Amino acid sequence: MFFYSVLKSLLFYFDAEVAHRITINLLKAYKIKNNISHPLLSCNVFGLNFANPVGLAAGFDKNSEVPNNIINLGFGFSEIGTVTPLPQSGNSKPRVFRLKNEDAIINRLGFNNEGFEVVKDRLCKNKKNLIGVNIGANKNSEDFINDYITGIKFFSSTASYITINISSPNTPGLRNLEAADNFSSLLDKIDQLKKNSSEISLPILIKISPDINHDDLESLCEKVLSSSIDGLIISNTTISRYSISSEEKGGLSGEPLFDISTRKLNKVYKYTRGKIPLIGVGGVDSAEKAYKKIKNGASLIQLYTGLVYKGPRLINEINRGLIEFIEKDGFKHISEAVGVEVN
Ligand SMILES: Cc1cc2nc3c(=O)[nH]c(=O)nc-3n(C[C@H](O)[C@H](O)[C@H](O)COP(=O)(O)O)c2cc1C
């Protein structure tokens, strides 16, 4: 789209975080309405009705400033956050880097956000759509698990679903929660909470890292299957580096993440035997890649970096392309394509 290529050259002239702030303000100012729904694409996942399977990944609208404006761009759902119990400013700047030649981003933001109270208040005032809340732990917290339990209770009446983010590489020690013993303690506490309080009936998902090792991944999947967790999101950013031009520290997203996150998605679908819904994230910047995620086990997909490089026309392009792929492959509904490439 001509409009976005002009806007993009302007935005890319600024530091990435400044450009992000400008984008949020533009979204607040301009009322776009481009909601997309189609019988082949609308789906019921985790008991929720999605107009289409394409969602905005966490990190873009951290503080729930524009949740409905995002849906109006054409997304089927949006995930706000990561939000932590107390507000925190995150790591020192600069902390977001565009890798223009690789269609990628490295970020080490470190959960900069306005905290549970402010974000919930804002969400309560303007929530009209399907909005997930991604929760995290404060950097200085003495009990990470307790921060998640507090978050589930706090947002259970406001969010459409909750994502437990234990996979950010930018909070020291957070990813240790993916290791077998810690993961069991986290799941036990969530199970107990769900059992003891009837108000907590919303879907609870866990977002995992693409860097998790094979043994931890297999045991994590087994544990999830015997718990009350409703779904998994695969994946967050990676700390691994392939042929990347930047040496900045942080989580890598975008095109270089596509293969590694899709391989992990395939494994998770296999280990969970298709029994729980998965959201595929990482490097989606075309309908073809979105469809690849679906065929590798995703019931829904999310994206962030693709939006930065390609602009909002990408959302429509993916949804239209998905309809074509589904029809071409002779499926009657998108759900029939989920996992068909998993052996
Ligand atoms: C600038 C930036 C900030 C992010 N912040 C968060 C976050 O707060 N919580 C989270 O779970 N993921 C966060 N992510 C990760 C994305 O949600 C997503 O998992 C990852 O970027 C892979 O998708 P993509 O390749 O489409 O960007 C962030 C990503 C970027 C680029």
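**A strand and its neighbourhood**

Modeller: Happy to! Let's start at strand β10, where Gly231 and Ile233 point one way and Leu232 and Ile234 the other way, and all of these residues are buried. Please keep in mind as we go that this is a predicted model.

Who is next to β10? Strand β9 is joined to β10 by four bridges, and the two run parallel. You can find one spot of this pairing by looking for Ile206, which stands opposite Leu232 in β10.

Now look for helix α7, residues 214-225. Its buried residues are Leu220, Cys221 and Val224. Viewed down the axis of α7, these buried residues fall within an arc of 100°, so they line one face of the helix. And what does that face meet? The buried residues of α7 pack against β10 (231-234) and β9 (204-208), and also against α6 (180-196) and α8 (258-271). The length of α7 can be checked too: at 1.5 Å a residue, its 12 residues should span 16 Å, and the C-alpha atoms at its ends are 17 Å apart, which agrees.

Next, follow the chain out of β10. The peptide bond from Ile234 to Ser235 is cis, with omega near 20°. Ser235 itself is found in the loop between β10 and β11.

Of the 27 residues around the ligand, the ones that come nearest are Ala57, Gly59, Ser253, Tyr304 and Thr305. The residues of the shell divide into 10 nonpolar, 15 polar and two charged.

β4 and β7 run parallel, joined by five bridges, and Ser78 has Ile131 in β7 as its bridge partner. β7 also pairs with strand β8 (residues 161-165) in the parallel sense, over four bridges, with Asn134 standing opposite Thr163 in β8. Five of the five residues of β7 (residues 131-135) are buried, so this strand is largely enclosed by the rest of the structure. Both of its faces are covered, with Ile131, Val133 and Ile135 on one side and Gly132 and Asn134 on the other.

Arg273 lies in the loop between α8 and β12, and α8 is one of the elements that the buried residues of α7 pack against. Arg273 is exposed, with 11 other C-beta atoms within 10 Å. Its phi is near 50°, a positive value in a residue other than glycine.

Key:
Residues numbered from 1 in each chain as written. Predicted model: local features only at pLDDT ≥ 70, side-chain atom pairs only at ≥ 80, totals over all residues. Near = placed C-beta within 6 Å. Nonpolar A, V, L, I, M, F, W, Y, C, P; charged D, E, K, R; others polar. Expected span 1.5 Å × (residues − 1). Buried ≥ 20, exposed ≤ 12 C-beta atoms within 10 Å, placed from the backbone. Arc of directions from axis to C-beta. Contact = placed C-beta atoms within 7 Å. Pairing = 2+ DSSP bridges.
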